[in-house]
Every structure is written in C-alpha cells, then in structure tokens.
Amino acid sequence: MLLWDRLNFPDKKYKTIVIDPPWDIGITSATHNLKFAVPDTLPYNTMTDDELREFPITKFAEDDCQLFLWITHSTLPLGLELIKLWGFKYHCLLTWDKTKGVVIRGFNRRTEMVIFAYKGKLKIKEKGVSIPTFFREKSTVHSKKPRILYDLLLKSTPAPRVDIFARKSHFGFDAWGDQVEKLMPLEVFS
C-alpha cells in the first residue's frame, strides 16, 4: 500500500512546499564506514523511485507554487527528474553544511541540498530578507532539518506553506506525513 493511500490529503493547496521524500537510500551500504552499529533499515518507510515519480504533488500545489525539495548527493539526479515530472522549473540549489558528516567511499558527506523550483510565477521576496544558497547549522538528530531554513522561508515565501513527509512540525507550516514528531537520536545515524 502506498503511503498516500493511508493518509488524508489536505483540503487546501499551498503556495510554498517543502518536501523531504523518504528516499530509499540503502542505509547499510551508505554507512559502512561508521564506527558504531547501524540498523539495517531507516526508522521510517521509504518509497521507491517509481513511487516518488507518481507522488501526487498536484494535490498540494497552487498554480503559483514554490518548491523546496530536500536531496542527498545520491538522490540529486532523481530530484532533478522529479521537479520536471511534477511540473516545476529548476531555479537554484541550496546547500546545508551540517558541520560534520559521514565518510562514504572517500568523501566526507557533511552537506545536504535543497532544490528550489517553482511553477507559475516566481514569488520569492526579492527585497529585504533573502534566502542564502549556503547555510550552516549543526545537525542534531537523524532526518531533522535545520530550523534556519524554515525561519528564512517564513520571511521570504508566500503562505500557505506545507512540509510534506515532515518528521517535525515547524511554526508557519502545515505538516503532512506519517512520521511527524518521530525523530531518532543522532547517535544512531549521525
């Protein structure tokens, strides 16, 4: 059964969407260099690439909509594909420096990225508070996204806003998903 078959969709559409898909990243292969035990699976259900391609983002998106899609280094190609499939246009890439990372095949992966894309009219505030394409905030628990980005989006993007596949509620954003407030300690996944 697909995740969205188990959850009700909101009864409204959004001008700003943050989405952190439950990518099937293969946790054991991605963390083979860690110095502590890692479970065989992530603490949430993942979606296949095809399920992500079929995700009904149109149930959330206004005609003029800003999309912030969280990706990892390995999911970048699929993320770029998804924004096109979902009817959005690529604009830029934001990078989060988590201040520490996991070494995978010789690279210290201490960053995650957010693809910014839009459909319709671009509605980011161009004066006043701008959204930097690079920001730093220490990661604390697995899958918890940095507060700094949500604070910036509150000041720079139009409401209403939604965080899809949220694992934590953020002020000014509706949260949709089956894992809200179910974050795992950093020590497990780092």
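My entries below go from strands to rings.

**Entry 1: the model.** I am looking at a predicted model, so I keep that in mind for every note.

**Entry 2: strand E1.** I started with E1, which covers residues 14-19. Next I looked for its partners. E1 runs parallel to E2 (residues 61-71), and 5 bridges join them. E1 also runs parallel to E7 (residues 161-164), this time with 4 bridges.

Val18 stands opposite Phe68 in E2, and Ile19 has Leu69 in E2 as its bridge partner. On the E7 side, Thr16 is partnered with Arg161.

**Entry 3: strand E2.** Is E2 enclosed or open? It is largely enclosed by the rest of the structure, because 8 of its 11 residues are buried. I then followed E2 to E4 (residues 107-119): these two run antiparallel, with 7 bridges between them. One spot I found there is Ile71, whose bridge partner in E4 is Met113.

**Entry 4: aromatic pairs.** How many aromatic pairs does the structure hold? I noted 12. I picked out Phe68 with Phe116, a tilted pair with 4.8 Å from centre to centre and 45 degrees between the planes. Phe68 belongs to E2 and Phe116 to E4, so this pair ties together parts that sit 48 residues apart in sequence. Both Phe68 and Phe116 are buried.

I looked up Trp70 and Trp96 next. They make an edge-to-face pair, 5.7 Å centre to centre with 75 degrees between the planes. Trp70 is in E2 and Trp96 in E3 (residues 89-104), so to speak distant parts of the chain, 26 residues apart. Is Trp70 buried or exposed? With a relative accessible area of 1%, Trp70 is buried. Trp96 counts as buried as well, at 2% relative accessibility; the cut-off for buried is under 20%.

**Entry 5: a cluster and two charges.** I found one aromatic cluster formed by Phe9, Phe55, Phe60, Trp86, Phe165 and Trp176. Phe9 came up again with a lysine: the charged end of Lys59 sits over the Phe9 ring, 5.1 Å from its centre.

Conventions
Residues are numbered from 1 along each chain as its sequence is written. This is a predicted model: local features need pLDDT of at least 70, side-chain atom pairs count only at pLDDT 80 or more; totals for chains, interfaces and linings use all residues. Side-chain values use heavy atoms; hydrogens and water are left out. Buried means under 20% relative accessible area, exposed over 50%, partly exposed in between (1.4 Å probe, protein chains only). Two strands pair if DSSP finds at least two bridges between them. Rings of Phe, Tyr and Trp (its six-membered ring) pair if their centres lie within 6.5 Å; planes under 30 degrees apart count as stacked, over 60 as edge-to-face and the rest as tilted. A charge sits over a ring if NZ of Lys or CZ of Arg is within 6 Å of the ring centre and within 35 degrees of the ring normal.
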